[in-house]
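Biologist: I am new to this structure and would like to learn how to read it. Could you show me how you go about it?

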Amino acid sequence: MSYAIPGFRHPNLPKNDLGFTTKDYEGAVSTLCAGCGHDSISAAIIEACFELSIPPHHVAKLSGIGCSSKTPTYFLGNSHGFNSVHGRMPAVATGANMANRDLIYIGVSGDGDTASIGMGQFVHSVRRNVDMVYICENNGVYGLTKGQDSATTDIGSKSKKGEPNAMEPIDLCSVALQLGATFVAQSFSGDKHQLVPLIQAAIAHRGFAFINVISPCVTFNNTPGSTKSYDFIRQHMASSNTVDFVPHAEEITTEYAPGTSTSVTMHDGSAINLQKMDPNLDIHSRRSALALMQEYKAQDKVLTGLLFVDEDSQDIHTTMNTTKTPLRALSEKELCPGSAALEKINQSLR
Amino acid sequence: MKPTDVKNPEYFHKVVDCQFACPSHTPVPEYIRLIAAGRYTDAYMINWESNVFPGILGRTCDRPCEPACRRGRVEDKPVAICRLKRVCADFKDEIKDRLPKIPKQKNGHRVALVGAGPSSLTVARDLMPLGYEIDLYEANAKAGGFMRSQIPSFRLPEKVIDEEVGYILDMGVKTFFNKRVESLKQLLDNGYDAVFIGSGAPTGRNLKLPGYEADGGKNIRIGVEWLADVAFGHRTEAPENVIVLGGGNTAMDCCRTALRLGAKNVKVLIRTPLASMLASPWEIEDTQAEGIPIIENHNPIEYVVEDGKLVGMKFEIIVYSVDKDGREVFTPTGETDIVACDLVLLAIGQANAFPWIEKDLGIEFNNVGLALVDPVTHQSTNPRVFFGGDAAFGPRNIITAVAQGHAAALSIDMLLHGQDLHVRPDPGTNLVSQKMGIHDWSYASMVTEEERHAVPHVDLREAIHSHKMEVELGFDLETAFEEAQRCLNCDVETVFTAESCIECDACIDICPVDCLTFTENSEEAELRRKLNVPAYNLSQDLFISKNLATGRVMVKDEDMCLHCGLCAERCPTSAWDMQKFLYMVTKAGQQ
């Protein structure tokens, strides 16, 4: 068993604007099962951050408990990290974000951590519109406890033990849309062409950006009867659009046939170019996204791509009118304005 | 591109860069692993099978394997393969009981070998165990050829030659020393079934410039002949001022030998700039380390002789260039230079001469005086006469002579068994999984970042007083182990089974050098461009799998693969497996 990866890299590895290669964004060698979809998502996060030339120390990665929540060890080894208790990643992320709004927050969670024990935490981070990327690595199974059906397992789906699941699944994208999430996307761990630009767009988005990534569990849920196996997803995956993320510094060169493409300009000047695969989707309409997801589900298909975005979203800091300065940068002078200021406040309350 | 056919042994053979580059195709990683395991005798025997003279080659090989070594591409410096070979020679146990048995009952065929150099000795090594009777003719008093006469003892001690040459002669080769063959016709008339000519390139080129006749060849000597004089003890000292003409390895051997025989001022003069010298970089380094200047752009024009005594050499200074056809052009600047000297050693190339081969034997020659020899079978235009070593295609090196000896021995055996010499037998190959457990391999898959180890030398002040003292000391066992661990085990191949692949990306994500890509198949040029890291080293092949479930293919760029096995470790379905590929050139009697 190899616990470390050799130090050599391809001498022709491209460098980003900071002079870094992907090696500078890697973490430790994964201890997940060989072939786990989660490892591909880690690789997609590495690729996304590398391409955006994000200084690794500007990122904080957070997670709860579960196979998915182990993964922050396996990417961005030079970034900040917090492995919280089960299902409590959103609270920790919210707190961290309130304390220091300058960092990029990437929360990684799974279907157990999000849709079961952490459901209460998840929904509140959505409605508060915390400025973070929330990736749910959704494999529809409790892998770390040997393969029980999870809250996102589809009705009738059979995992390794062979019993069809009898209960209704929670559709996390629909929940997020209904709670007012300002960026909702769905993807597949085996499709980095789609996943990498979605993660980049999610990082550029100001507010809560949710990506539900279907990520097959090779050990317990990659069986013929499963609706979250590599084969099933490849056969049933439909894309709402192809996504192309363009950082603001770059000129937009891609050309699409008229009427089929949309460009969404984000608050930082970057753009998401979308080529519509389904003309019925209006990515600025929650109703359209919800309806379309239902429609595809009825056809036994899994809709992926960017489903909804509100580029004018106001994050929790704007809503609460908090200070623009990270708390650690505030001096005693700003934190303790003195007795005169206190007196003034007291007066106003009389 | 078409899916790669890994059943063709040449595909995986090419991946093992060192073995592929070696003229004898010695299974380098196999013996390096044995050294790391402390099995020096086994490592020696692998070498002995393939290159016959591991102790000699471990000191003197031209090492084409090292520039080819993958480690030189992923890192800076290749594995010190040549010096590891010496380690197994230095630390082996007695090997006599492992040598092939020589049948008492002979097979009735008699073969004559002309010259006792590496190629002839290899022919004897291959044919003796098959029951041939072999007569070996050598003009000198001992066997070894160029290895004994022209490589100085400070690089290759005599006892090493005696030992390795001895293994072959002790097989019962009938030797005729001090016997120069004067007539091939006579030899053929003696009833030999085949004659192998491995007489080397016996003479160095002479340079007859004005003043040569006045000296009479006393102090103007052909370098290789002078070196042979030293080797056989006919010459034990050198005059004070010596100049060596030429920029090859022989020139380096001449000047370093002159220094050891007492010369005070030794200079090497070359016609070209330093950068265009033919000598191996490590030979040039060793020469310069001994304080011998190499003076460039000097074209010799006259020997300066006063009162019948050589006192100097006149040179014109030239400007060196290469014209559009690749020919060297030496343009005189008009300036001249006289360098004082008592002895000139000519190391300006070697010439072949076969005055003893009669014209009516059916052996055709080309315009540079070499026989027309088939490059594969080594047969001349007389079907019973074979050539190998420097006598075949001009001066090369020991390892090439050995490879040619193997090929010629196979041809002779096939000829005498009535087989078609051009239908060469396939190599012997073996491909075995190295899996020991879910994530365990039977080879050290972890890649060390250890840098190449330098070989220790004896103190130079001491070394230059003796032309017999070996300068290089060889690795000790601890260093040898560390150096052996640098080997990337390129013979442990990544073997892909398309039917098992579920395209989960695990191998792509883990590969440290990004040499794997799932992509749509296309033309090679386009494919090379669109890989995760484009593959612009065209000397390295791409592996293309059969079509996968999604219609894509797995493409592997062999260029940078570390053979770390992580792709196979992370593969959930064992679509990737690490399998050891052994490639052995088929020799006489094995077909």
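Modeller: Gladly! Two strands pair if DSSP finds at least two bridges between them, and strands (E, at least two residues) and helices (H or I, at least four) are DSSP runs numbered from the N terminus. This is a predicted model, where local features need pLDDT of at least 70, side-chain atom pairs count only at pLDDT 80 or more, and totals for chains, interfaces and linings use all residues. Residues are numbered from 1 along each chain as its sequence is written, while chains are lettered from A and ligands numbered from 1 in the order in which they are written.

Biologist: In which sense do β7(B) and β8 of chain B pair, and over how many bridges?

Modeller: Strand β7 (residues 241-245) of chain B pairs with β8 (residues 265-269) in the parallel sense, over five bridges. Within β8(B), Lys267(B) is the bridge partner of Ile243(B).

Biologist: What lies on the path from β7(B) to β8(B)?

Modeller: A crossover is right-handed if, with the strands pointing away from the viewer, the path from the first strand over the helix to the second runs clockwise. Here the chain passes through helix α15 (residues 249-260) of chain B, and this β-α-β crossover is right-handed.

Biologist: Which residue of β13(B) is the bridge partner of Val244(B)?

Modeller: That is Leu345(B). β13 (residues 343-346) of chain B runs parallel to β7(B), joined by four bridges.

Biologist: Why is β7 of chain B described as largely enclosed?

Modeller: A residue is buried if 20 or more other C-beta atoms, placed from the backbone, lie within 10 Å of its own. Four of the five residues of β7 of chain B are buried, so the rest of the structure largely encloses this strand.

Methods:
A residue is buried if 20 or more other C-beta atoms lie within 10 Å of its own, exposed if 12 or fewer, and partly exposed in between; C-beta atoms are placed from the backbone.
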